[in-house]
Every structure is written in C-alpha cells, then in structure tokens.
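Let's take a walk through this model together, from one residue on its surface to the contacts and spaces elsewhere.

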Amino acid sequence: LNCLKAQQFESKSIVGKWLSGNGKAHITISQYGEKFGGKISWLKEPLDENGKPKTDPKNPDPSKRNNPRLGMNLALGFTYEGDGKYENGTIYDPESGKTYKCIMHLENENTLKVRGYIGFSLIGRTDTWTRMK
C-alpha cells in the first residue's frame, strides 16, 4: 500500500506551472485520469502584429486555425512510467503547426526536460522547462 501511495505522490510531481525554455510561455500541467497534459497559461507576447490575441494559423485542421493560443492544449496523453519519466504523449508546436511524439523527464523538483521527436527519440529536440514558484 505504501509503495502505491509513494508512486502516486511521485507521479504528481510534474503537476504545476512551468516556464518554457525560450521564456515565451507558461505551461500549466495537470493530471486527468491516469494521464498528464499541459495548456498554455501565459504568453510573453499574447497579441499578434495587429494587436489581436494570437491564434493557431498553422494548425493542419482549418477549423482550429482561429482558436486562441492562450489556453490551448499543448501536451497530451502522458503516462507516468516511474523514475521521473513521463512517456507516450504528444506535444504541439503552434509555431510550426506540427505535433510530435514527446517524452518528459523530471530531472529534479524544478527542472523538466521535454523532448519532442519524430520516429525515434534519438532524433529530436529537448527543451528545458523551469518550475514557476
């Protein structure tokens, strides 16, 4: 029973607000069911060049191109695999309109390595997110 409680406590450690590596966004990660996901909860530059809230013009789904970027689901479907690893998720890049497979690794309480990739995790890019206080 204690092992299960410890695992549940540990698995929730990803939950919270994170600053993206480029400093342009805050991502709030929460748990839904057995999975974890994140939404954009703050943007450094929330408005486009016309002074309107930024949307998602590169989304491959035309019906989503006018959706606001603020509040959008960015990361979905992560499962906790133990040892600070969250796998089987996807991450969406609104800059490119592409969705990538993704793994996250909680290096310590305040550092989250987020790796988006195509195909194999060896070929991809890692971003370091920092926990917001």
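Asn88 counts as exposed, because its relative accessibility is 57%. On the scale used here, buried means under 20% relative accessible area, exposed over 50%, and partly exposed in between, with a 1.4 Å probe and protein chains only. Asn88 belongs to strand 5, and its phi is near 65°, a positive value in a residue other than glycine. Strands here are DSSP runs of E with at least two residues, helices are runs of H or I with at least four, and both are numbered from the N terminus.

Before going further, a word on where all this comes from. This is a predicted model, in which local features need pLDDT of at least 70 and side-chain atom pairs count only at pLDDT 80 or more, while totals for chains, interfaces and linings use all residues. Residues are numbered from 1 along each chain as its sequence is written, and side-chain values use heavy atoms, with hydrogens and water left out.

Asp83 also has a positive phi, near 60°, in a residue other than glycine. You will find Asp83 in the loop between strand 4 and strand 5, where it counts as exposed because its relative accessibility is 59%. Its side chain meets that of Lys85 in a salt bridge, with 3.6 Å from N to O. The term salt bridge stands for a side-chain nitrogen of Lys or Arg within 4 Å of a carboxyl oxygen of Asp or Glu. Lys85 has 33% relative accessibility, so this residue counts as partly exposed.

How many salt bridges does a search of the whole structure find? The search finds three. Another of them joins Glu95 to Arg69, whose closest N and O atoms are 3.0 Å apart. That pair links distant parts of the chain, 26 residues apart: Glu95 is in the loop between strand 5 and strand 6 (98–108), and Arg69 in the loop between strand 3 and strand 4 (73–82). Arg69 counts as buried, because its relative accessibility is 11%. There is also a salt bridge between Lys54 and Glu45, with the closest N and O atoms 4.0 Å apart. Lys54 is partly exposed, at a relative accessible area of 21%.

Now let's turn to the aromatic rings. Searching the whole structure gives two aromatic pairs. Phe36 and Tyr86 form an edge-to-face pair, because their ring centres are 5.3 Å apart and their planes stand at 85°. For rings of Phe, Tyr and Trp (its six-membered ring), a pair needs centres within 6.5 Å; planes under 30 degrees apart count as stacked, over 60 as edge-to-face and the rest as tilted. Since Phe36 lies in strand 3 (residues 35–43) and Tyr86 in strand 5 (residues 85–93), the pair ties together parts that are 50 residues apart in sequence. Phe36 is buried, with a relative accessible area of 2%, and Tyr86 is buried too, at 0%. Tyr86 also pairs with Tyr80: the ring centres are 4.9 Å apart and the planes are at 50°, so this pair is tilted. Tyr80 is buried as well, with a relative accessible area of 11%. Through these ring pairs, Phe36, Tyr80 and Tyr86 are linked into a cluster.

Strand 4 holds Leu76, which is partly exposed, with a relative accessible area of 38%. The C-alpha atoms of Leu76 and Gly38 are separated by 6.6 Å, although the two residues are 38 residues apart along the chain.

A pocket is found on a 1 Å grid over the protein atoms alone, as an open set of points where a 1.4 Å probe fits, with protein on both sides within 12 Å along at least five of seven lines; lining residues have an atom within 4 Å of a point. The lining of the largest pocket comprises 28 residues, of which Asn22, Asp93, Pro94, Glu95 and Arg125 lie nearest its centre. At least two lining residues come from each of strand 2 (25–32), strand 3, strand 5, strand 7 and strand 8.

One more stop: Leu122 is in the loop between strand 7 (111–117) and strand 8 (124–131). Leu122 counts as exposed, because its relative accessibility is 78%.
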